[in-house]
Amino acid sequence: MDTVITRFPPSPTGYLHIGGARTALFNWLWARKTGGKFVLRIEDTDEVRSTKESVDAIFESLKWLEIDWDEGPFFQTQRYPIYREYIQKLVDSGHAYYCSCTPEEVDAMREEAKANGKRPMYNGKCRELNLESGKNMVVRLRVPDNGATVVEDVVKGPTSFQNSEIDDFIIQRSDGSPTYNLAVVVDDLTMGINTILRGDDHLVNTPKQILLYKALGAEPPIFGHVPMVLGHDKSRLSKRHGATSVEEYRDLGILPDAMLNYLVRLGWSHGDQEFFTREELIEKFDIEHIGRSASMFDMDKLMALNAKHIQAKSNEEIAEALSPYLAARGIEIKNPEAAQLAVESLKPRSKTLVEMAEASLFYFQETLDFDEKAVKKFLKPQALEPLTESADLIEALADFTEPALEEIFKQVMEKHELKFGKIAQPLRVALTGKTVSPGIFEMILALGREKTVSRIREAVKLIPPAAE
RNA sequence: GGUCCCAUCGUCUAGCGGUUAGGACGCCGGCCUCUCACGCCGGAAGCUCGGGUUCGAUUCCCGGUGGGAUCACCA
C-alpha cells in the first residue's frame, strides 16, 4: 500500500475539544505507526465564527499533547481559488449546475415535499435549465436519482445510502465561497489524503463526499468513522459534564501521556492492556480494534491512569512536569536533587500534578502552615522531650542516611517506652504542619538535616507547658 | 418523523460457535503500615428482549426495544 496520509481538520471556533483531540490522536497514531504523514488543516471557512484565538488554542493543545504534524497548517480561507477551479470543473463536466432558487423558494419546496409525506428536499428545479453564472446563484451537485452510494467504512463496515435520499447539495454559496463538503473533498484530494478517521457524526455526509470524488473522477480515500465520546448521561459531551477542552485537563494536572492513553483506550483496545506509553501506543495501535459503539467519558478512570503514569515516570521527568504547577503557587525549584526526593515521596500519593504541587508545598515553604487541630492533638507536653532529643540526635548524626535515622528513633522510642506511631505523628506535624504526609524518613531525607532540625525546634515552641 | 450507526458488569472493554464470560476504573472486605497513599489478597456486579440457523449461541441471521448521529447557502 501507498504511504498513509492522514489529517486532522479542526474548525477554529473554540478550544480543542476532547473528542477532537481523540480523532486527531487516531489519525496521528496511524500515520506514526505506518510511517506515513499527518497533515494539519484549519477549516476556517466559517469566517464569522472562526477566530485567531481558537487557532492558537488548537496549536497550543496539540503542542501540549505532543501531537506533531508533517504538513500544514493549511488554512482553507487561503485556498479559495483552488476550490473555485474545481467547482468550475464540475460545472463544465455537467456534474454540477447553477441554481437561482432563493433560500425562501427552497424552504417552500421542502415544506411542500413534507406536506406530501416526502422527504424535504430541493426539487431539482434548476437542474436542466443550464443557467449561467450570475448574481445570487449557488452551484449544486447533480446527484444521481437512482442507485446507492456505499461507504466502505473500515470501522463500521460497509454502509449503503440510497442516492434518492441525497439532495442536490450546494457546493458553492451565492457569495462564491465553497461549502464544507466541497472544500473538504478538494483539500483531501489535493493534499493526497488517503485515510480519513473521523467522528461518526460525519458518517451521513460521507456519501456526499464520495459522490464528489466520483464526479471529479477520483478515487475516494479510506474512511473510518469512530464512535463519539459521550458524557456520563450518554448525551454528547458538553460543558455541563465538566471539562471538555484539552487545556482544562492540562490545568487539572493531567500528564499528556495519560491523556493520550485514556483517550485512545476509550474506544480502542489491545486485549486486556490498560496502560500504554506513547511509544507502545504507536507500536500497537491498529484500526481493526477500534470499537463501534459510543463510550462515556469517565473522569475517575482518567485520574487512575494519570496516577499510574506519574508513578511510571522518573523523578526528573515529574519534577520538570511539576514545575509550572509549583510556579503557579509562587514556588521555584532551587535545589533539583531535593525536589526530586520530594517528588519521589509524593509520586504514589498523587493522582494529578495539581495534587502533587499542593501536597509538596511544605517541602518548599519557609514558614509552615500549621493545621490547628493537628497542633492541638499532637504537639502536647509529652511530645516535648522525644522531639527535642530527636532534633539533637539528628543534628549530631554522623551519616545522614535512613538506617542511621531509624537507629536514632529506636533510641528515643526505647528511652521513653513509646511506639513509633506516638513519635511519628508529632514529628509529622512538626515537619509539615499536617497530619497527612509522606513517610517520615523519606521526608527527613528530602528536607535535609538543617531544615529538619530547625522545624522540630520551631514546633517544640508551640507545645504548651505541662498542666501541673 | 426519514435516513444511518450502535447494543457484554454502574463505566471502559476482552471475547471472533462449546469459557466457572477475562481485565481495568469505581464500590465492599482484608493484609501491609509511622499518617495518608501505593502495593497485595479476596468479594459483589454483565451478555437488552423475541424469533430463527445450529448438536450447541454472548458470538451468525431477522425483528422488537433502547441509545446515539444526522437531516443548512455550519463545519
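## Cysteines

The structure, a predicted model, holds zero disulfides. The cysteine sulfur closest to that of C99 belongs to C126 and lies 3.7 Å away, which is too far for a bond, because a disulfide requires the two sulfur atoms to be within 2.5 Å. C126 is likewise in no disulfide; its nearest cysteine sulfur is that of C101, at 3.5 Å.

C99 counts as buried because its relative accessibility is 0%. C126 is buried as well, with a relative accessible area of 1%.

## Surface near the RNA

RNA strand B is surrounded by 58 residues, of which R173, E274, R349, R428 and S437 are the closest. By residue class, this surface divides into 22 charged, 18 polar and 18 nonpolar residues.

Several secondary-structure elements each supply at least two residues of the surface near RNA strand B. The helices are helix 4 (103-115), helix 10 (299-312), helix 17 (420-432) and helix 18 (440-447). The strands are strand 7 (157-162) and strand 12 (295-296).

Of the RNA atoms within 4 Å of the protein, 68% belong to sugar or phosphate, and the rest to bases.

For the phosphate, a polar side-chain atom of R110 lies 3.2 Å from a phosphate oxygen. D46 places a polar side-chain atom 3.0 Å from a sugar or linking oxygen. On the base side, an N or O atom in the side chain of K301 is 2.7 Å from a base nitrogen.

Notes: Residues are numbered from 1 along each chain as its sequence is written. Chains are lettered from A and ligands numbered from 1 in the order in which they are written. This is a predicted model: local features need pLDDT of at least 70, side-chain atom pairs count only at pLDDT 80 or more; totals for chains, interfaces and linings use all residues. Side-chain values use heavy atoms; hydrogens and water are left out. Buried means under 20% relative accessible area, exposed over 50%, partly exposed in between (1.4 Å probe, protein chains only). A residue is near a molecule or strand if one of its heavy atoms lies within 4 Å of it. A polar contact is a pair of N or O atoms within 3.5 Å; within protein, one must be able to donate a hydrogen and the other to accept it, and residues adjacent in sequence count only if both atoms are side-chain atoms. Helices (H or I, at least four residues) and strands (E, at least two) are DSSP runs, numbered from the N terminus. Ala, Val, Leu, Ile, Met, Phe, Trp, Tyr, Cys and Pro count as nonpolar, Asp, Glu, Lys and Arg as charged, and the others, Gly among them, as polar.
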